[in-house]
Amino acid sequence: MSQSRLNPRVVARRALLASLALVVTFFNSSCIQQPAAPSRGIRMETYRGPRGGARVPEPFVPVLGYVYNDFGPGPGDVDAFMDETDFDGVHDEPDAKTNAEWQLQAGPKGPCLPGFALVIVPINELEIVRFTCYL
């Protein structure tokens with residue numbers, strides 16, 4: 001009777017391939033997917049990371065905005081808001097008045113000072129504003 005023996009090289013190769021497949025699956029499942037952007041209004045995104053390095057979304061950051069200069073008629077009936085970003089570091093204001101200049105603020109949160117932006121939101125368009133806290 002002959003006994004079947006497993007070759008140690010084959011076993012090691014299979015274990016390595018299984019580990020590699022597990023690592024690839026982990027990294028693919030941990031990719032950050034932001035929610036779909038609205039078709040118009042304002043989207044504020046908040047991030048944190050080292051200068052020149054990878055940024056990660058910073059959740060639950062206080063955000064606020066108000067119309068600083070109104071250029072005339074435009075869709076959207078929200079002219080001021082105060083809220084916070086969601087778990088993905090995103091705050092959407094789809095009903096923000098367009099055809100207007102907005103003063104926006106994100107923060108402060110933790111060691112991060114508030115960030116400010118003055119942006120023009122064109123008629124029927126979406127303005128995406130990204131704030132990053134560099135550590």
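Two strands pair if DSSP finds at least two bridges between them. Strands (E, at least two residues) are DSSP runs, numbered from the N terminus. This is a predicted model: local features need pLDDT of at least 70, side-chain atom pairs count only at pLDDT 80 or more, and totals for chains, interfaces and linings use all residues. Residues are numbered from 1 along each chain as its sequence is written, and side-chain values use heavy atoms, without hydrogens and water.

**View 1. Strand E1 and its partners.** E1 (residues 41-49) pairs with strand E5 (residues 90-93) in the antiparallel sense, over four bridges. Within E5, Val 90 is the bridge partner of Glu 45. E1 and strand E8 (residues 126-134) run parallel, joined by nine bridges. There, Tyr 47 stands opposite Thr 132. Eight of the nine residues of E1 are buried (under 20% relative accessible area), so the rest of the structure largely encloses this strand.

**View 2. The hairpin of E1 and E2.** E1 and strand E2 (residues 56-57) pair in the antiparallel sense over two bridges. Tyr 47 stands opposite Pro 57 in E2. Six residues lie between the strands, and in this hairpin Gly 52 takes a positive phi near 80 degrees.

**View 3. An open sheet.** Four strands line up in the order E4-E3-E6-E7, with antiparallel pairing. Strands E4 (80-84) and E7 (115-121) stand at the edges; each has a single partner strand, so one side of each is left without a neighbour in the sheet. Strand E6 (residues 100-106) pairs with E7 over seven bridges. Ala 100 has Val 121 in E7 as its bridge partner.

Methods:
Buried < 20%, exposed > 50% of the residue type's maximum accessible area, 1.4 Å probe, protein only.
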